[in-house]
Amino acid sequence: MISYLKGILIYCSFPTIIVESHGIGFEIFSSLSLYRSLPPLHSEVSLYTHLNVSENRFELFGFHDLDEQFIFRILVEKVHGVGPKTAITILNVLSPKEFKEAIYREDYRALSKIKGIGEKTAHRLVVELKDKLDVGRSGVGPFSKETKDQIFEDSLKALVALGFKETEAVKLVRKVREKEPEKDLEGVVRECLKLTCMEK
């Protein structure tokens with residue numbers, strides 16, 4: 001799984017961008033918010049990604065932050081009938097916070113206004129995601145408080161690189177950070193690994 005990419009931006013024409021990293025050019029389908037935040041061509045860029053594998057092709061999708069990546073992944077992995085193109089379209093219309101709030105409020109009208117989302121799909125989104133997004137009355141869900149926390153982000157990337165699923169990594173890092181918020185990156189990752197050993 002390619003979850004994060006850092007390299008030189010060599011091409012951009014929405015929704016496609018190409019990032020060169022270690023001599024390889026990665027073609028990426030960009031979310032609108034990522035595209036708007038891109039630096040000038042031939043500058044260094046870093047982004048969160050998701051590799052979608054189908055029967056006959058590999059597609060790499062790019063996101064501005066972990067919130068977007070999380071929403072995209074939960075859409076394509078948990079909601080029947082929602083593919084990557086529809087998921088990226090949702091993110092281009094609603095921010096992660098707006099999407100979570102629409103799910104919590106059961107705002108079918110807002111959801112069905114998105115291209116590719118009819119009334120039936122809007123209802124399916126609410127039914128299948130309301131208990132998975134950890135959404136409260138404030139509309140706050142996964143990553144909202146931690147997105148600006150560099151240690152949190154780096155710990156997530158380290159665990160994902162070690163083979164952990166994103167949702168599992170989030171739970172582990174949150175547990176460690178809540179108990180010992182002063183720990184540095186190495187300490188957080190070490191404690192997360194200890195927790196997994198204790199739970200086995």
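Aspartate 154 has a relative accessible area of 23%, so it is partly exposed. The model is predicted. The exercises below start from this residue.

**Exercise 1.** Where do arginine 105 and glutamate 101 lie?

*Solution.* 
- Step 1. Locate them. Helix 4 (residues 96-105) holds both, four residues apart, or about one turn of the helix.
- Step 2. Look at the side chains. Those of arginine 105 and glutamate 101 meet in a salt bridge of 3.9 Å, N to O. The cut-off is 4 Å, so the pair counts.
- Step 3. Glutamate 101 is partly exposed, at 23% relative accessibility.

**Exercise 2.** Is arginine 73 buried or exposed? Which glutamate does its side chain meet?

*Solution.* 
- Step 1. Apply the cut-off. Arginine 73 has 7% relative accessibility; buried means under 20%, so arginine 73 is buried.
- Step 2. Find the partner. The salt bridge is with glutamate 166, at 2.3 Å from N to O.
- Step 3. Trace the chain. This pair links distant parts of it: arginine 73 is in helix 2 (residues 66-78) and glutamate 166 in helix 8 (residues 166-179), 93 residues apart.
- Step 4. Check the other end. Glutamate 166 is also buried, with a relative accessible area of 11%.

**Exercise 3.** What does isoleucine 2 touch beyond four places in sequence?

*Solution.* 
- Step 1. Isoleucine 2 lies in the segment before strand 1 (4-13). Its relative accessible area is 26%, so it is partly exposed.
- Step 2. List the contacts. Isoleucine 2 touches Phe26, Thr49, His50, Leu51, Leu60 and Arg73.
- Step 3. Compare sequence with space. Isoleucine 2 and asparagine 52 are 50 residues apart in sequence, yet their C-alpha atoms are 9.5 Å apart.

**Exercise 4.** How many residues of domain 1 and of domain 2 are in contact, and what area is buried between the domains?

*Solution.* 
- Step 1. Domain 1 covers 4-63, domain 2 covers 66-134, and domain 3 covers 148-198. The C-alpha centres of domain 1 and domain 2 are 22 Å apart.
- Step 2. Count contacts. Domain 1 contributes 14 residues and domain 2 twelve.
- Step 3. Take the area. About 1,100 Å² is buried between domain 1 and domain 2, with 63% from carbon and sulfur atoms. Tyr48, His50 and Phe63 supply 45% of what domain 1 buries against domain 2, more than any other three residues.
- Step 4. Turn to polar pairs. Six residue pairs are in polar contact between domain 1 and domain 2. On the side of domain 1 that touches domain 2, six residues are nonpolar, seven polar and one charged.
- Step 5. Find the salt bridge. One crosses the interface of domain 1 and domain 2. Lysine 85 pairs with glutamate 59, with the closest N and O atoms 3.8 Å apart.

How values were computed
Residues are numbered from 1 along each chain as its sequence is written. This is a predicted model: local features need pLDDT of at least 70, side-chain atom pairs count only at pLDDT 80 or more; totals for chains, interfaces and linings use all residues. Side-chain values use heavy atoms; hydrogens and water are left out. Domain bounds come from an automatic or database domain assignment. Contact means heavy atoms within 4.5 Å. Buried area is the accessible area (1.4 Å probe) that two parts lose on being put together, summed over both. A polar contact is a pair of N or O atoms within 3.5 Å; within protein, one must be able to donate a hydrogen and the other to accept it, and residues adjacent in sequence count only if both atoms are side-chain atoms. Ala, Val, Leu, Ile, Met, Phe, Trp, Tyr, Cys and Pro count as nonpolar, Asp, Glu, Lys and Arg as charged, and the others, Gly among them, as polar. Helices (H or I, at least four residues) and strands (E, at least two) are DSSP runs, numbered from the N terminus. Buried means under 20% relative accessible area, exposed over 50%, partly exposed in between (1.4 Å probe, protein chains only).
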